[in-house]
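Have a look at the fold first, and then we can walk through some of its packing together.

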Amino acid sequence: MTAPLLDIRAVGKSFPGVRALSALSLAVAAGEVVALVGENGAGKSTLLKILGGDYRLDEGEVRLDGADVSHADPLEARRAGFRLVRQEPEIVPDITVAENVFVGEYPRRRLGLVDFAAMRAEVRARLSRYGFTGMLEADATGRSLSPAQTHLVEILRALQPGVKVVAFDEPTSSLTSDEVERLFALIRRLRSEGLGIIYVSHRLKEVLAISDRIVVLKDGVQTGVLATAATGEDEIVRRMVGRELVHDFHRAETTRAEVVLEVEHLSSRWHRDVSLRIRAGEILGIGGLVGAGRTELAKVIFGALPKSAGTVRLAGRDTDIRAPSDAIAANIGFAPENRKAEGLILVRSVVENAALAVNRRLARAGLLRTATMTAAVGPVIRQLEVRTPSLDQEVGKLSGGNQQKVVLARWLAAGPRLLILDEPTRAVDVGAKAEIYRLIDRLAAEGMAIMVISSEMPELLALSDRIVVMRDGRLSAPVEKRAATEERIVALALGTAADPARTPA
Amino acid sequence: MTVSAPAAAAPLRRLLRFIGPENLSLIIALVLLVAVIASQTEFFFSARNLFNIGQNMAVVGLVAVGMTMVIVSAGLDISVGSIAGCASVVCALIVSQAGSVPGGILGGVAIGLLLGLVNALIINYLRVNAVVATLATFSAFRGIAFLIAPEGRPVGVLNESFALLGSGRFLQIGGFPGIPVAFAILVGVALAGHVVMSSTVFGRQVYSMGGNPAAARLAGINLNRMRLWIYAISGGLSGLAGVIVTARTSSGQPASGTQGLELEAITAVFLGGALLAGGKGTVMGTMLAVLLLAVLSNGMNLLGIPTFYQLVAKGLLLVLAVAIGQWRMAASERRQARITAAGGGV
């Protein structure tokens, strides 16, 4: 057997008070995809950062294609042939895609001038070579990119000549199922070209679909190396959490109650003639591709984006929602997709963030003490089991799952009649995900009307009572829970299925 | 999970909590500075000198309270000194020509509010960045101050009761020189500002919009309306500062006495722990910084250090303050990175 391409031997890393990795050994052969799974905090990011040169290991050794890179800095790690595709890539908003791809490594002409033509040509060549033609324009500015396109830029960055090992960190969290397929095709191609791939993901179905071997981490310790062909989700989850987990979540059928939200013939810059209805206690799932206008629909209903025609009725009454404050006054809650950019005030405390939607209600003559806020939202935060050292902790310092729980706590405290959740479990670990599902289910059982936008098919199918699919700003007819299958939703999203009459959902 | 500190805290701890633990380094710096100055000159602790420090803080302090609000909301108001200049002239004209002291005070504050609103309108509806907008009005408002002053010259005000606002004192007992009226006004305004920022819905919303405007908007906060209030308050307090300058110098000054106020106020707010990015900063921190700056300049005067050096020292102090803030933030981020990398849940 030849020496592995990437050889990690007994690597350990500690931080004050925490052992992040202990004696981790892992080998990636040329032409192999090794998946790395584990809950948040299991040590996956620490390992990736050691490989990328961001962290120094305390003990052990890392060899890349025979060379010792145990103590490489980020530049040396790149030169040795390691590239990391980050989950949330840094994109410079005001320069082009081509410049973003080559940032820091611009090709030069004579006199040291940047060779823009070569850069564009190379980006186009890579796009067509890896099957992404038409998904990205080399001249588009960073600002105009969708999350999926942003991710593609990050992938193009990694595919520099001389790359030997590519690590993907949660690569599919902003992708639709169609885009995931393209990503997988890319990974298979890289594998066939003899690269070593490390694939980090919470999504076990994807891990099972793409990897050759699966390495499971728990609390910095390796708890299993599994051959993908000979294992299944149950075993992986058991090794990840050390307990059986009901990951297939199913809701009971709901009884029909009064209609809470009634949208009729809504049009906007992003939509044409959208109609839908949600009853009390019902969860309406909205499927579709990224960019189909789902997030925009949520924002139009919430008053954050303008509508051009149509009516929105709440509990049978016409509303005139022109700003988020109107929506909140009308008892609507909205947890946006990108919680860091739009959901949370990262530099402020857990309490302040959770109390944001109820501030006015809690105040007496405009006065609002921290103690009043704590008394109001503290129980909700405890009930959601937000893991935080104190309620005064800055929200930016919590983990992804806990941040999402703070956003949910905000709306729980406000007690809306309609709650809109845009990708509620994006970048949330398995354990927190199950908790969030249970919470959404309970809120519906208590009579809240809920709209869930999700690109994760199992999530959409498990949570929704009915599913509507958005494609190019139009909604499909609703698909009842009984009739909903992954194939049917995908077909509607892609427009390959005949959509029966566009009756109001 | 731990929730808030025990109710029966020792008085010292309660005082610290009132001032804010994040301001501890400012207090230490102040104590050190006082120790150095007092070791060089006995006069520092004399009642008359302390009186002077209190008197000198008032004008900058008033402007800095408003500036705290502006900077916490992720804005900036460079026009405060020019607003104070306008207010000074307007106030002097009213007091000297209509003979009404309350009218003059109200007029000065009102013109400040109005000009603050102009700033907010430019930022909101012409979509001009706050720095650029108030840089423009910094120039324009100063011009207006000269235009409304007859022939562009200072307007004399001879009114004894009005002068008390600038140089009056109370509680003058025996050798105790009393408390300057202007300082008392500052204390009142600062306490009000502290309550507004820490314990009102409005204050919470200022922090929220500064920390993340997009999230604040989605949480139902009307950013434009908030800005109208914030810049009006900053303008109104600058107007009040202008009124006090008028009372102190017995003249409405279009420029003298209010030039460079923006620099001093902004310095104090950053020194007091606010972030340029917004979302952080307290009135208490700003006030400690104003005191620190006043003591610094007073001390250097006492030690006979020329004004030019003082300007250099203030500039250095600002750089130092922001650098320390950055360093502390980076350190905390490093700590955090370790914790998240290692433990996930904090």
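At what angle do helix 14 and helix 15 of chain A pack, and how far apart are their axes? The angle is about 125° and the axes are 9 Å apart, with axes fitted to C-alpha atoms over the stretch in contact and angles running from 0 to 180 degrees between N-to-C directions. That makes helix 14 of chain A oblique to helix 15 of chain A, since angles under 35 degrees count as roughly parallel, over 145 as roughly antiparallel, 65 to 115 as roughly perpendicular and the rest as oblique.

This is a predicted model, where local features need pLDDT of at least 70, side-chain atom pairs count only at pLDDT 80 or more, and totals for chains, interfaces and linings use all residues. Residues are numbered from 1 along each chain as its sequence is written, while chains are lettered from A and ligands numbered from 1 in the order in which they are written.

Here are the residues that meet, being in contact if their C-beta atoms, placed from the backbone, lie within 7 Å. Helices are DSSP runs of H or I with at least four residues, and strands are E runs of at least two, numbered from the N terminus.

| Helix of chain A | Residue range | Contact residues |
|---|---|---|
| Helix 14 | residues 370-383 | A:Ala376, A:Val377, A:Val380, A:Ile381 |
| Helix 15 | residues 400-414 | A:Ala409, A:Leu412, A:Ala413 |

Elsewhere in chain A, six strands form an open, mixed sheet in the order 6-7-8-3-9-10, where pairing takes at least two DSSP bridges. The twist averages 20° from one strand to the next. Strand 3 and strand 9 of chain A run parallel, joined by four bridges.

Technical notes: Contact = placed C-beta atoms within 7 Å.
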